[in-house]
Amino acid sequence: ILNNPQPSEQKPLPSEPTSKPPAVPTQTQKPSIRCCVCGIAIFGESHATRHATQTKHQEFEEYIPLPGEEPTPPDRPTMTEEEKIQKIEELRKKNELIRKQKQIQEEQEQLEREKRRRADAKDMEAAKQKWKEDQERKRIEEAQREKMLAAKQLEDIRKKIAEDKIKREIEIKGETHPTTPQPPNQASAATQTVATTSHTLPATSTKPVPTKCNITIRLSNGNRLEAEFNSTDTLKTVFDYVIKHRTDGSRPFNLLINFPKKLFTQDHYNLTLTDAELVPRAMLILTPK
């Protein structure tokens, strides 16, 4: 049996060496910096400063490195123990300076805040004082108005009492001294004579006793209550009327009369209006307890 020889593997022929075209810098590559004297690539400002200090080279230029010829940054120089200590001390001093500046700035800001706070407090105090003065002025004006009103009311009451007294004296004189019919001229003259002299006539035992009493109550809010009572009613009736119709709240109160000045409290509930000398009319002022 003939053995067929195995086909031998054919080795490829060596290719002829081809010359590569020179590399052309592309526009996409970033420019670098190098020393114009020794051509060393420079990386960053610190590297340029260190290179200029060591070699006294001061001229640098930008260039675009060819593909595959990008410069590699130099190894960072190692620091000695003394340099480390010096660097640490510089950093410590720098941090201390920053801390002091920050502390000074915070103190200044705190001082400005305190000044603003004091200015605001001063303005607030001035506004509060002005408000108090305005309230005091209003209170004084209100008290003066109330005083003038009370004086006017008292004067009106006195005039009304005097008029009622003159009318009663004329009525009493007419009842005790009946007159005969007179001509119109004589009658008018007699009436004028009686009117001019009636205020000098003394009161007689036949003086009529009023059965009604008109009372005006001035509340604490300035409003008024007016009501008519019987002369035999007690002060409790007046107090109950005020409690029912008042418009200034429900605070406990007393009643005051200015002329003659007298204060009525719960102890005077059983006192009649006649005994309290409030007939035929009176002006009472509600005063809180």
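**Close-up views of salt bridges and paired strands**

View 1. Glu-96 is partly exposed, with 29% relative accessibility (buried is under 20%, exposed over 50%, partly exposed in between, with a 1.4 Å probe and protein chains only). This is a predicted model, in which local features need pLDDT of at least 70 and side-chain atom pairs pLDDT 80 or more, while totals for chains, interfaces and linings use all residues. Residues are numbered from 1 along each chain as its sequence is written, and side-chain values use heavy atoms, leaving out hydrogens and water. Glu-96 and Arg-99 form a salt bridge, with the closest N and O atoms 2.4 Å apart (a Lys or Arg side-chain nitrogen within 4 Å of an Asp or Glu carboxyl oxygen). About one helical turn separates Glu-96 from Arg-99, because they are three residues apart in helix H2 (helices, H or I of at least four residues, and strands, E of at least two, are DSSP runs numbered from the N terminus). Arg-99 is also partly exposed, at 43% relative accessible area.

**View 2. Glu-136 and Arg-139, another pair in H2.** Here the side chains of Glu-136 and Arg-139 meet in a salt bridge, 2.5 Å from N to O. Glu-136 and Arg-139 are three residues apart in helix H2, so about one helical turn lies between them. Glu-136 is partly exposed at 37%, and Arg-139 is partly exposed at 49%.

**View 3. A link from H2 to S8.** Asp-164 forms a salt bridge with Arg-281, the closest N and O atoms being 2.9 Å apart. Because Asp-164 belongs to helix H2 and Arg-281 to strand S8, the pair ties together parts that are 117 residues apart in sequence. Asp-164 is buried, with a relative accessible area of 16%, whereas Arg-281 is partly exposed at 23%.

View 4. Across the whole structure, the search finds 14 salt bridges.

**View 5. Strand S4 and its neighbours.** Strand S4 (residues 212–218) is largely enclosed by the rest of the structure, because five of its seven residues are buried. S4 runs antiparallel to strand S5 (residues 224–230), joined to S5 by seven bridges (strands pair if DSSP finds at least two bridges between them). Look for Ile-215, whose bridge partner in S5 is Ala-227. The hairpin of S4 and S5 has five residues between the strands, and Gly-222 takes a positive phi near 95° there. S4 also pairs with S8, in the parallel sense, over five bridges. Ile-217 stands opposite Leu-284 in S8.
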